[in-house]
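Here are my notes on the model, as promised. Have it open while you read, since the points go from the ligand to the helix packing.

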Amino acid sequence: MPHVLISGGSRGIGRAATNLFAENGWSVTCLYHTNDPEFHDDIFSIKCDVSNPVQVRSAVLRSEAHFGPIDCLISNAGISVKGLAQDFGENDYRLVMDTNFGGLFNLANALMPGMISRKSGVIIAVSSMWGQTGASCEALYSASKGAVDAYVKSLAKELGPSGIRVNAVSPGVINTDMMKDYSDEDRKDLACETPLGRLGTPEDVAKAMFFLASDSASFITGQIVGVNGGFLI
Ligand code: NDP
């Protein structure tokens, strides 16, 4: 049974991915930060702050002791801080970069040696369309996702010869807790701006992750795959 480790599996997109992979027979380790997701027993949940490399290494060891080597990493945990760029300080910078980019860096670092020695593995990062275009009032978030995109492309080049594929999914506007500050009117406006006429669901993104993890994507690496209903074309 293949084994996937999903960070930020307690809510939103990560939770939908956890359920989809489990339903399709994968062994799933779910990392959460503050909200214990209390899945059924088949899913192994570990409390782990992805910005902390010591906690990440320990979580990876526990996960591999439980289910065996990790075949696929989904680095999904992320946070958004909104505000004027001029008002962001050192704490905002550390929090956003250490979680959104640092989480990927720490998880990939912990998993790469094993994947390289096995000459197989899949890494999927969760980016954002704002990493490609930049978002007003989300400058730090956008920068952190731009870093994710560049890292994914670099890893794909470096790890391809070792049989490891590295891609990102780049969601558009997805209806999760991350959207909780948006009014109903904002949501309607965003749906209108989306060619497919609706906001995305966590399941829309999970299905793209599942495809990228599967053998159907065996010749796809280094790609930033938009899941945005056409919002960014
Ligand atoms: P949610 O806010 O619904 O969930 C965020 C998840 O990340 C939670 O499971 C949370 O864990 C976890 N998390 C946050 N910080 C940490 C940390 N330090 N260590 C471990 N886990 C952490 O967000 P979404 O599901 O919407 O977002 C998932 C990913 O998708 C993020 O990377 C986000 O940037 C990206 N994305 C989302 C979009 C959207 O419109 N929703 C658009 C583009 C990208 P806990 O519950 O325990 O706190």
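1. Start with cysteine 48: a polar backbone atom of this residue sits 3.4 Å from a nitrogen atom of the ligand. Keep in mind throughout that this is a predicted model.

2. In threonine 176, a side-chain N or O atom is 2.5 Å from an oxygen atom of the ligand. For serine 10, the distance from a side-chain N or O atom to a ligand oxygen is 2.7 Å.

3. Which residues come nearest to the ligand? There are 29 residues around it, and the nearest are Ser10, Thr34, Asn76, Tyr141 and Thr176.

4. Helix α5 covers residues 139-159, and its axis comes within 9 Å of that of α3, with a crossing of roughly 15 degrees. Angles under 35 degrees count as roughly parallel, so α3 and α5 get that label. The crossing is right-handed.

5. By class, the tally for α3 with α5 is 17 nonpolar, 3 polar and 2 charged residues.

6. Helix α3 (residues 90-118) has another partner in α2 (residues 53-67): their axes come within 7 Å and cross at roughly 40 degrees. The pair is therefore oblique, and α2 passes α3 in a right-handed crossing. On the α2 side the contact is made by Pro53, Val56, Arg57, Val60 and Glu64, and on the α3 side by Asn106, Leu107, Ala110, Leu111 and Arg118. Sorted by class, that gives 6 nonpolar, 1 polar and 3 charged residues.

7. What about α1 and α7, parallel or oblique? Helix α1 (residues 12-23) packs on α7 (residues 202-213) with axes 8 Å apart, at an angle of about 55 degrees. That makes the two helices oblique. Their crossing is right-handed.

8. From α1, the residues in this contact are Gly12, Ile13, Ala16, Ala17, Leu20 and Phe21. From α7 they include Pro202, Glu203, Val205, Lys207, Met209 and Phe210. The class count for α1 with α7 is 11 nonpolar, 1 polar and 2 charged residues.

Technical notes: Residues are numbered from 1 along each chain as its sequence is written. This is a predicted model: local features need pLDDT of at least 70, side-chain atom pairs count only at pLDDT 80 or more; totals for chains, interfaces and linings use all residues. Side-chain values use heavy atoms; hydrogens and water are left out. Axes are lines fitted to C-alpha atoms, for helices over the stretch in contact, and angles run from 0 to 180 degrees between N-to-C directions. Helices (H or I, at least four residues) and strands (E, at least two) are DSSP runs, numbered from the N terminus. Angles under 35 degrees count as roughly parallel, over 145 as roughly antiparallel, 65 to 115 as roughly perpendicular and the rest as oblique. A crossing is left-handed if the near helix is turned anticlockwise from the far one by less than a right angle, and right-handed if clockwise. Contact means heavy atoms within 4.5 Å. Ala, Val, Leu, Ile, Met, Phe, Trp, Tyr, Cys and Pro count as nonpolar, Asp, Glu, Lys and Arg as charged, and the others, Gly among them, as polar. A residue is near a molecule or strand if one of its heavy atoms lies within 4 Å of it. A polar contact is a pair of N or O atoms within 3.5 Å; within protein, one must be able to donate a hydrogen and the other to accept it, and residues adjacent in sequence count only if both atoms are side-chain atoms.
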